[in-house]
Amino acid sequence: MPRTEPIKAARGVRDILPAAIPLWRQAEQEAAAVAKRFGYEEIATPVIEQVELVERVGEQTDTVAKELYRLDKRGSQNLALRPEATAGVVRAYFEGGLNQGPQPSRLYLIGPMFRHDKPQKGRYRQFFQFNVEAIGGASPGFDAEVIELALSWLNDVGLQDLRLELNSIGDGKCRPAYLERLKDYYRPLKSHLHADSQLRLERNPLRLLDSKVPQEQPFKADAPKITEHLCDECAAHWADVRRLLDAAGIAYQLNPYLVRGLDYYTRTVFEFYPGGASGQQDALASGGRYDGLAAAEGWPSTPGVGFAGGVDRVVELMAASGQEVIAKPAADVVVIPDGELSIEAAEVARICRAVRSVAVDYETRSLRAKMKWANKLGAKWVVLLTPDVAKRRAAQLREMTSGEQTELDWVELPTRLA
RNA sequence: GUGGCUAUAGCUCAGCAGGCAGAGCACCAGAUUGUGGAUCUGGGUGUCGCGGGUUCAAAUCCCGCUAGCCACCCCA
């Protein structure tokens with residue numbers, strides 16, 4: 001056999017090993033629990049969607065333009081792995097007739113998303129999101145609700161030191177006029193801008209605001225702020241959202257430079273960061289209102305608001321803060337055949353599985369080694385089979401913490417282990 | 001996509017003025033006339049990330065690739 005490189009995981013993806021699963025489960029279970037507490041129901045949508053669904057909602061964003069996993073054409077359909085969940089959930093809302101039910105539809109989803117980014121800590125090509133969407137509701141109450149829900153989740157998994165940033169980016173009525181003001185402001189400065197920013201100026205001027213290029217920072221201070229140029233409806237909505245958050249006792253920082261990578265967002269946008277970080281790639285959850293999304297997908301215009309939480313990042317913070325979930329032993333009972341007793345050991349295991357999780361040590365090694373293995377596994381009991389005792393359909397039952405050991409018939413095992 | 005740092009045992013890492021591959025933990029075996037945890041003894045389990053180059057000689061120097069981390073870009 002020629003030696004070859006072993007095949008490793010694809011770049012930017014990772015395994016969640018058994019030892020890490022309890023923490024993941026906790027993050028997911030808290031997510032599901034808090035969503036249900038707020039009256040949200042779970043939905044699962046496909047990981048593959050038609051490319052058009054993804055493109056229609058954000059053609060000039062990086063997520064779609066550069067980071068999309070496109071699949072080979074199958075038949076007549078161009079497919080892609082979903083880079084985010086909201087577009088698919090909104091599609092399912094209409095296709096599944098949820099728009100015919102009580103409004104809004106309160107939905108949550110936990111699942112993998114895919115982006116062909118350059119991998120880094122906290123940034124993976126397959127990553128997991130906890131998504132919450134309230135579709136069919138225009139009231140600012142829903143904006144505040146999803147923010148409170150996101151905060152509750154982060155608190156419930158033990159993250160207390162958080163920063164919530166908040167902004168409003170207007171809607172189709174007032175944003176175009178604002179964007180013209182913004183362009184008018186930046187055009188004379190164009191030669192001072194970074195090459196990327198010069199492109200943004202005409203194509204996606206809102207993005208100029210969250211530019212981190214050092215030489216552009218001074219310009220931002222004097223740039224027109226969108227919250228000062230909202231139409232009456234957007235301004236009222238914006239005021240209501242802040243009022244509701246104030247009443248809920250939720251602290252937030254107004255960030256006039258907070259914008260969104262995806263185009264369908266309107267009005268409220270927000271992001272949660274861990275408190276200590278100055279943070280570039282450490283947003284824990286972010287979301288906002290997307291009243292323009294349904295129409296962009298070709299469905300009847302329908303308002304909606306939601307957020308996406310980064311499960312990977314939350315789990316990493318949980319682990320970093322020293323949180324550990326005590327792993328349960330893989331098996332409560334270990335059956336150790338001493339000698340050629342595989343058939344008998346399997347039968348005894350079968351009997352014990354009626355009441356306990358059971359593992360069998362089939363390896364041909366010393367009894368001592370088998371006992372060590374059982375101990376390391378964390379087994380509470382060991383059922384020891386030796387040829388002469390097994391012949392009588394009996395076994396030694398050893399209680400590991402006390403070391404007490406008694407002989408008894410196989411049929412008695414379930415009662416003793418229960 | 002851009003730039004920087006890194007890659008040695010299962011894990012954390014040392015070794016790098018070029019000269020036989022190391023430590024701790026983990027693992028395996030024994031002390032234990034076959035019954036775990038504690039202790040002691042013994043064992044290195046390795047294509048030094050991959051591929052080239054320089055050299056009598058490369059883990060060590062040079063180049064390329066791959067992967068990870070960090071900063072950008074962007075985002076969860």
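Strand 9 (residues 266–274) pairs with strand 10 through five bridges, in the antiparallel sense. Helices (H or I, at least four residues) and strands (E, at least two) are DSSP runs numbered from the N terminus, and two strands pair if DSSP finds at least two bridges between them. Phe272 has Ala285 as its bridge partner in strand 10. On to strand 11 (residues 304–310): strand 10 is joined to it by five bridges, also running antiparallel, and Gly287 is bridged to Phe307 there. Five of the five residues of strand 10 (residues 285–289) are buried, so this strand is largely enclosed by the rest of the structure. Buried means under 20% relative accessible area, exposed over 50%, and partly exposed in between, with a 1.4 Å probe and protein chains only.

Some housekeeping. This is a predicted model, where local features need pLDDT of at least 70 and side-chain atom pairs count only at pLDDT 80 or more, while totals for chains, interfaces and linings use all residues. Residues are numbered from 1 along each chain as its sequence is written, chains are lettered from A and ligands numbered from 1 in the order written, and side-chain values use heavy atoms, leaving out hydrogens and water.

Next, the cores. A nonpolar core is a set of buried Ala, Val, Leu, Ile, Met, Phe, Trp, Tyr and Cys residues joined through side-chain atoms within 4.5 Å. The largest has 83 residues, and Tyr40, Phe130, Trp153, Tyr186, Phe272 and Phe307 touch the most other members. Helix 5 (residues 140–156) supplies the largest share, nine residues. A second, separate core has 19 residues, including Val333 and Leu385.

Which rings go with Trp153? Ring pairs link Tyr108, Phe130, Trp153 and Phe307 into a cluster. Rings of Phe, Tyr and Trp (its six-membered ring) pair if their centres lie within 6.5 Å; planes under 30 degrees apart count as stacked, over 60 as edge-to-face and the rest as tilted. That rule gives eight aromatic pairs. Phe130 and Trp153 are edge-to-face, 5.0 Å centre to centre with 70° between the planes. Phe130 lies in strand 6 (residues 126–135) and Trp153 in helix 5, so the pair ties together parts that are 23 residues apart in sequence. Phe130 is buried at a relative accessible area of 0%, and Trp153 is buried, with 0% for its value.
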